[in-house]
Amino acid sequence: MRIGLLTEGGYPYVSGEARLWCDRLVRGLGQHEFDVYALSRSERQDAQGWIELPPQVNRVRTAPLWTVDDDGVALGAGYGRRARRRFAECFGDLAAAVCDSGAAGAPHGSGASDALADRFGSALYGLADLARDQGGLVSALRSETVVRALERACRAPGALRAARTARVSDLLVVAGLLERALRPLSLDWYGDDGLGAVDLCHATSGGPAAIPGLLARHFSGVPLLVTEYGVQLRAHYLATGDEALSAPARALLTSFHGRLATEVYGKATLITPGNTHARRWQERCGAERAKLRTVYPGMEASRFAEVGEREDPGDPDTLLWVGRIAPAKDLISLLHAFAEVRKDEPKARLRIVGASAEGPEADAYLAHCKALAAQLFPDEADGVHAVGDNPVSFEEIGAPGTPELADAYAAGSVVVLSSVVEGFPISLVEAMFCGRATVSTDVGAVVEVIGGTGLVVPPRNPRALAEACVALLRDAGRRERLGAAARARALELFTVEQNTEAFRDIYLEIVSHCPVRREALDDAGEPVPFGHPAEAYLPGRWAVAAGAGDAGAGPAGAPSWAQEADGTEQLKGAGV
């Protein structure tokens with residue numbers, strides 16, 4: 001089959017998020033053809049280029065989300081009176097749905113929530129239709145019309161409380177960010193030579209990356225699969241707290257992304273969260289449980305096989321932390337916890353392996369951690385003539401002591417994770433592949449990943465973290481048992497092979513349940529007699545075996561996500 005792989009800031013770029021996961025998926029499904037549609041986030045990402053692509057990638061089409069093609073302030077040139085009126089109506093409805101607080105406290109599925117979701121979706125597809133007719137909406141989405149529509153919506157009765165105080169400067173910022181988020185509406189990806197020709201769209205995240213999938217479904221009836229290993233809406237909530245945005249701007253953007261997430265989850269054929277933590281977020285944003293299938297990320301276990309199969313358990317006095325150094329990792333609590341560990345285990349050492357995340361804030365945090373370590377642990381020496389040594393070391397992969405990531409895990413007997421915010425803990429799974437006992441904070445998907453094969457403590461609790469570390473440092477037998485159980489669990493659940501096999505089955509299931517109805521043509525462009533079987537023109541999902549009796553199944557035994565309210569849309573899609 002032909003898959004349209006939709007990414008934002010990820011594959012196939014060298015510095016892309018989820019780059020390795022997507023590459024392993026594409027290479028593992030060599031029997032399928034892939035068309036990659038990628039949105040880039042920065043000029044630097046574009047300049048760094050792509051990774052080497054496998055032969056099953058037929059084409060790659062890219063579009064930037066960071067450039068500004070037109071700073072126009074008027075919706076004029078290139079748009080007729082009717083087009084301007086259509087745009088004002090559609091964007092006005094979209095702005096009203098974003099600013100309306102009527103469903104803020106209403107559960108998903110209630111009348112108020114559904115009405116706003118329908119209004120937002122109708123406005124979005126109205127803008128998509130207009131963009132297709134006009135050749136794009138970049139200048140229109142940066143026009144004075146947009147600012148006025150947002151201002152009216154913010155001043156309307158029932159508007160979000162925080163949005164009521166929005167100033168023109170706030171609305172200009174919001175308009176610019178909305179244009180970037182909605183830029184996929186203006187792309188020429190949706191014709192018969194693009195996403196209209198694929199059998200399935202697979203969005204590797206929610207948000208803007210899923211918009212091309214929504215439009216392919218809208219224009220051509222292509223089913224949409226959405227995979228989220230980190231929930232896009234949650235990431236937006238965290239990011240807007242760090243950005244220099246006013247409260248009204250944050251409220252408007254948060255509402256927009258919430259409405260978009262609801263639309264994506266509502267129109268997706270299936271949704272594959274990477275863990276139960278992400279699944280709960282998706283359910284709270286309106287995703288139906290019948291559509292959700294948890295598929296754990298696939299990680300390369302072979303690079304850690306040698307360490308995991310060794311009898312050498314590592315230095316029994318060494319604690320190890322591995323990751324990207326950032327405030328969310330809470331190394332401050334880890335250092336204070338290690339100070340408590342040293343009181344009970346004076347020979348203990350802490351190795352912190354990793355580089356700082358990008359940005360001046362992360363660099364400042366790393367410098368602060370090093371200064372705190374120097375303050376808490378002055379250099380120690382065995383005698384008056386010996387050279388002092390600090391029990392805490394900061395190292396990077398590629399340094400003489402840790403040339404490879406597996407070497408870092410081999411050096412310690414206990415791996416520690418001290419985060420206060422975490423999605424899917426990759427470093428924890430790597431430690432499990434290496435057969436190491438772990439001590440982790442109870443955040444994100446940690447408990448689900450560990451599954452009883454490690455110790456878990458509350459976040460921001462240095463004393464509890466220290467007590468757990470001391471308990472493992474003092475009990476070699478317990479470390480060995482936990483490490484062996486952790487390795488067995490990781491090999492069962494978190495390998496590339498497990499991930500690839502799951503998506504192979506899901507692809508086949510979606511395409512068999514929701515085939516795209518296209519007219520069969522010969523080389524001359526003439527319809528082919530009997531190009532589709534007679535069953536294709538009957539209401540209902542004929543490809544699903546009747547009487548399957550699955551939970552959540554419809555009257556014909558098909559899963560609820562494969563059911564239609566009636567046969568009208570299918571007859572229309574079949575050309576009847």
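# Exercises on a predicted model

D330 sits in the loop between β7 (315–322) and α12. The model is predicted. Each exercise below gives a task, then a worked solution.

## Exercise 1: A glycine after a helix

Task: State which residues of helix α7 are buried. Then find what phi G221 takes.

Solution. 
- Step 1. Locate the helix. Helix α7 covers residues 211–220.
- Step 2. List its buried residues: I211, P212, G213, L214, L215 and A216.

## Exercise 2: A cis bond and a buried aspartate

Task: Identify which two residues the cis peptide bond joins. Then find which residues D23 touches.

Solution. 
- Step 1. Recall that most peptide bonds are trans.
- Step 2. Find the exception here. Y11 and P12 are joined by a cis peptide bond, with omega at about 10°.
- Step 3. Go on to α1 itself. This helix spans residues 19–28 and contains D23.
- Step 4. Classify D23. Its relative accessible area is 14%, so D23 is buried.
- Step 5. Leave out residues up to four places away in sequence. D23 then touches Y11, I51, E52 and P54.
- Step 6. Link the two parts. Y11 belongs to the cis bond, and Y11 is also one of the residues that D23 touches.

## Exercise 3: How α3 and α5 pack

Task: Describe the packing of helix α3 against α5 by angle and axis distance. Then say which residues meet.

Solution. 
- Step 1. Two packed helices are described by the angle between their axes and the distance between the axes.
- Step 2. Read both values. Helix α3 (residues 81–99) and α5 pack at about 40°, with axes 9 Å apart.
- Step 3. Name the arrangement. α3 and α5 are therefore oblique to each other.
- Step 4. The crossing of α3 past α5 is right-handed.
- Step 5. List the residues that meet. From α3 come F87, A88, F91, G92, A95, A96 and C99; from α5 come T145, V146, A149, L150, A153 and C154.
- Step 6. Sort them by class. This contact of α3 with α5 has eleven nonpolar residues, two polar and no charged ones.
- Step 7. Look at another residue of α5. E151 lies in this helix, which covers residues 144–155. Its relative accessibility is 31%, so E151 counts as partly exposed.
- Step 8. Step along the chain. E151 and A166 are 15 residues apart, and their C-alpha atoms are separated by 7.8 Å.

## Exercise 4: How α12 and α13 pack

Task: Find the angle and axis distance for α12 and α13. Then sort the contact residues by class.

Solution. 
- Step 1. Locate the helices. α12 covers residues 331–344, and α13 covers residues 360–376.
- Step 2. Read the values. The angle is about 10°, and the axes are 10 Å apart.
- Step 3. Angles under 35 degrees count as roughly parallel. α12 and α13 are therefore roughly parallel to each other.
- Step 4. Name the contact residues. α12 gives L331, I332, L335 and H336; α13 gives Y365, H368, C369, L372, A373 and L376.
- Step 5. Sort them. The contact of α12 with α13 has eight nonpolar residues, two polar and no charged.

## Exercise 5: The whole chain

Task: State how many helices and strands the chain has, and what share of its residues is buried.

Solution. 
- Step 1. Count the elements. The chain has 20 helices and twelve strands.
- Step 2. Read the burial. Of its 576 residues, 51% count as buried.

Conventions
Residues are numbered from 1 along each chain as its sequence is written. This is a predicted model: local features need pLDDT of at least 70, side-chain atom pairs count only at pLDDT 80 or more; totals for chains, interfaces and linings use all residues. Side-chain values use heavy atoms; hydrogens and water are left out. Helices (H or I, at least four residues) and strands (E, at least two) are DSSP runs, numbered from the N terminus. Buried means under 20% relative accessible area, exposed over 50%, partly exposed in between (1.4 Å probe, protein chains only). Axes are lines fitted to C-alpha atoms, for helices over the stretch in contact, and angles run from 0 to 180 degrees between N-to-C directions. Angles under 35 degrees count as roughly parallel, over 145 as roughly antiparallel, 65 to 115 as roughly perpendicular and the rest as oblique. A crossing is left-handed if the near helix is turned anticlockwise from the far one by less than a right angle, and right-handed if clockwise. Contact means heavy atoms within 4.5 Å. Ala, Val, Leu, Ile, Met, Phe, Trp, Tyr, Cys and Pro count as nonpolar, Asp, Glu, Lys and Arg as charged, and the others, Gly among them, as polar.
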